[in-house]
Amino acid sequence: MRVKFINIYIENMRKINLIVIHCSATRCDRCYTEHDLTTDHIRRGFGEAGYHYYIRRNGDIKTLRPVEKAGAHVRGYNANSIGVCYEGGLDEHGKPADTRTPFQKHSLRVLVKLLLRDYPGSRVCGHRDLSPDRNHDGEIEPEEWVKQCPCFDAAEILSEAVPEMPGYR
Ligand SMILES: [Zn+2]
């Protein structure tokens, strides 16, 4: 029975070769919880949050959508990707900025490393690095704010300097 279950799981599992990083495009001095995000995405007609993972400013990693299920976060690439979003991306004046806290940097690093272990060889990139709807699959992304998202070079996540341990300040 167990083997059968695993087979079904593997057959149903989609192919993943892309990890896309996003920001919530909310101000770094404002609180935008996973519940706010989910509510906003349901309002936009996605049924649930479009991203698979959400990283709060305190570094908490929230799972918002099962990885087996395609997300709704990047037009044209949802079928084979995982969407990771961090809380922030706008400074106190509402301007696009890398607002990741040290906790978020740590969590992002850990999460990306784990995902690469589960889906080896996957490309890691930012939303802004992908041109919209290239394969014309008609998927709509939850945010129109693509140009800057996620406000830093996501390809550098694993090569950038390990941030200072935030708990030891
Ligand atoms: Zn995005």
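Two strands count as paired if DSSP finds at least two bridges between them. By that rule S3 and S5 pair here, running parallel and joined by three bridges. What you have above is a predicted model, in which local features need pLDDT of at least 70, side-chain atom pairs count only at pLDDT 80 or more, and totals for chains, interfaces and linings use all residues. Residues are numbered from 1 along each chain as its sequence is written.

**Overall layout**

- The protein chain has three helices and seven strands; helices (H or I, at least four residues) and strands (E, at least two) are DSSP runs, numbered from the N terminus.
- Along the sequence, these elements follow the pattern α-β-β-α-β-β-β-β-α-β.
- Of the 169 residues in the protein chain, 34% are buried. A residue is called buried if 20 or more other C-beta atoms lie within 10 Å of its own, exposed if 12 or fewer, and partly exposed in between, with C-beta atoms placed from the backbone.
- Take the contacts between residues at least 6 apart in sequence: 70% of them join residues at least 24 apart. Contact here means that the C-beta atoms of two residues, placed from the backbone, lie within 7 Å.

**The sheet**

- Five strands make up an open sheet with mixed pairing, in the order S4-S3-S5-S1-S7.
- Strand S4 (61–63) and S7 stand at the edges with a single partner strand each, so one side of each has no neighbour in the sheet.
- From one strand to the next, the twist averages 20°, taking axes as lines fitted to C-alpha atoms (for helices over the stretch in contact) and angles from 0 to 180 degrees between N-to-C directions.
- Strand S3 (residues 53–55) runs antiparallel to S4, and three bridges join them.
- Strand S1 (residues 18–23) pairs with S5 in the parallel sense over six bridges, and Leu-18 has Ser-81 as its bridge partner in S5.

- Strand S5 (residues 81–86) is largely enclosed by the rest of the structure, because six of its six residues are buried.
- In a regular strand the side chains alternate between the two faces of the sheet.
- In S5, Ser-81, Gly-83 and Cys-85 point one way while Ile-82, Val-84 and Tyr-86 point the other way, and all are buried.

**Helix H3**

- Helix H3 (residues 102–118) has 17 residues, which at 1.5 Å a residue should span 24 Å; its end C-alpha atoms are 25 Å apart, so the two agree. The expected span is 1.5 Å times one less than the number of residues.
- Gln-104, Lys-105, Ser-107, Leu-108, Leu-111 and Val-112 are buried in H3. They cover an arc of only 165° around the axis, which puts them on the same side of H3; the arc is that of the directions from the helix axis to the C-beta atoms.
- These buried residues of H3 pack against S1, S3, S4, S5 and S7.
- Exposed Lys-113, Leu-114 and Arg-117 sit on the face of H3 turned away from its buried side.

**A look at Gln-148**

- Gln-148 lies in the segment after strand S7 (123–126).
- With 18 other C-beta atoms within 10 Å, Gln-148 is partly exposed.
- Leaving aside residues up to four places away in sequence, Gln-148 touches Pro-96 and Arg-128.
- Gln-148 and Asp-98 are 50 residues apart along the chain, and their C-alpha atoms are separated by 9.9 Å.
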